Amino acid sequence: MNNKIPDFDRIIDRSNSPAEKWNKPAMLRLFGRDDLLPFWVADMEFQVPNTVQKNLVSRAKNGIFGYEYKQDSLYQSIIQWYAIRHHWKIDRSHLCFSRGILNAIATLINIHTEEGDGIIIQPPVFFEFRLIIRDNNRNIIRNPLKIVDGKYGIDYDDLEEKASDSKTKMLILCNPHNPVSRVWTKDELKRVGEICLRHNVFIVTDEIHGDFVFNGHHYTPFASISIEIAQNSVTCISPAKTFNIAAVTDGFVIIPNEKYREQYNVFTKRLIIHKTNAFSVVAIETAYRSGSEWLDHLLDYLQDNINYIRTYLGERIPKVKLVNPEGTFLIWLDFRQLGMDVKELESFLAQKAGIALNSGYWFGRQGAGYARMTIACPKSMIVEGLDKLANAIKNI
Ligand SMILES: Cc1ncc(COP(=O)(O)O)c(C=O)c1O
């Protein structure tokens, strides 16, 4: 990339594009108003690195979009990114592709479990996990996170109990965790991995947010912990969040276990979901090869947004607490001191404050009284959103 600092302050009008976050009918349906300042969908209001945009344009200019294969350089760009940024050595032969993370999770559920089997999730957690399990007629088994001294953690005793049920076959882990923005430590992950090994529970770990960590926290790829844990798990990764290319990327599935890898390849081949998209491969490879500096600037910018929010809430809206963000570009806000029930809070945020946040209960009943906010946007948008919130709270 060129050395210019990206202009993350720039407002880019997405309101006339099919951006989900700005979709008026969707906002009307979900929040009862279509003119909200949106902080709900987990993507960014930022343009991709220059090089990605340039290479996509150049690929479009080529004008021929016949069948393609995945070149070795694509594999190497992914492997190098993880080796350099996360010190995780991915074996080329373990690297498989998917249409995205959720597609990978759904595929793995179908391969590794039967209808009626139990799958553990750790609410409050990304709501799509629950929906995928439900839509595939598996049972949702909840191992809720617990809050100790204001910090979210894993309830290992409860996990051990749930994992020991012979009907429980899988755990879907979120590392780092959306929405509570915990970056799980190596010790925490190791304990989860060992419990699941003891009870023969297979782990699918969603590490899409792994590139976003703050304040000296470190993302630990789950599969890097031990060979045994790697063999009992599949890791789902993707540059969708990192470079804001959700609509033009694939996901990757790292499957160290040979038998499981073979099962995955047979399954995806059977459904013919392994075709190569010309634009996705350009976006992925360019981003991984040249996006490191851009991402460093982005992380600084996000940290500034967090600092601003923390100070603003402390000074002007002390009743709303920020749960300390360790990673992801999503913050978890605690509104419980406002004393509203979930529906009142949801209606207040939309109708009175005019902002679209994801209500905490979407992520499980443990999220009641909280809301999730995407902070990957120009600071001026954050300022506007917080001012709207502060005014609404003042007028209660
Ligand atoms: C934890 C997590 N997993 C998966 C996804 C979606 O991934 P994909 O678009 O690749 O299916 C998201 C998007 O918000 C997410 O936060």
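User: Which residues come nearest to the ligand?

Analyst: Of the 13 residues around the ligand, the nearest are Ala42, Gly100, Ile101, Leu102 and Asn178. A residue is near a molecule if its C-beta atom, placed from the backbone, lies within 6 Å of it. This is a predicted model, in which local features need pLDDT of at least 70, side-chain atom pairs count only at pLDDT 80 or more, and totals for chains, interfaces and linings use all residues. Residues are numbered from 1 along each chain as its sequence is written.

User: What makes up the shell around the ligand by class?

Analyst: The shell has eight nonpolar, four polar and one charged residues. Ala, Val, Leu, Ile, Met, Phe, Trp, Tyr, Cys and Pro count as nonpolar, Asp, Glu, Lys and Arg as charged, and the others, Gly among them, as polar.

User: Why is Ile273 called partly exposed?

Analyst: A residue is buried if 20 or more other C-beta atoms lie within 10 Å of its own, exposed if 12 or fewer, and partly exposed in between, with C-beta atoms placed from the backbone. Ile273 has 13 C-beta neighbours inside 10 Å, and therefore counts as partly exposed. Ile273 sits in the loop between α9 (258-270) and α10 (278-290); helices (H or I, at least four residues) and strands (E, at least two) are DSSP runs, numbered from the N terminus.

User: What makes Glu160 count as partly exposed?

Analyst: Glu160 has 16 C-beta neighbours inside 10 Å, so Glu160 is classed as partly exposed. Glu160 belongs to helix α6 (residues 156-163). Glu160 and Cys196 lie 36 residues apart in sequence, with their C-alpha atoms 7.8 Å apart in space.

User: Why is α12 called roughly perpendicular to α13?

Analyst: The axes of α12 (residues 342-353) and α13 (residues 379-394) cross at roughly 105 degrees and come within 9 Å. Axes are lines fitted to C-alpha atoms, for helices over the stretch in contact, and angles run from 0 to 180 degrees between N-to-C directions. Angles under 35 degrees count as roughly parallel, over 145 as roughly antiparallel, 65 to 115 as roughly perpendicular and the rest as oblique. Therefore α12 is roughly perpendicular to α13.

User: Which residues of α12 and α13 meet?

Analyst: Phe348, Lys352 and Ala353 in α12 meet Lys388, Leu389 and Ala392 in α13. Two residues are in contact if their C-beta atoms, placed from the backbone, lie within 7 Å. The residues of this contact divide into four nonpolar, no polar and two charged.
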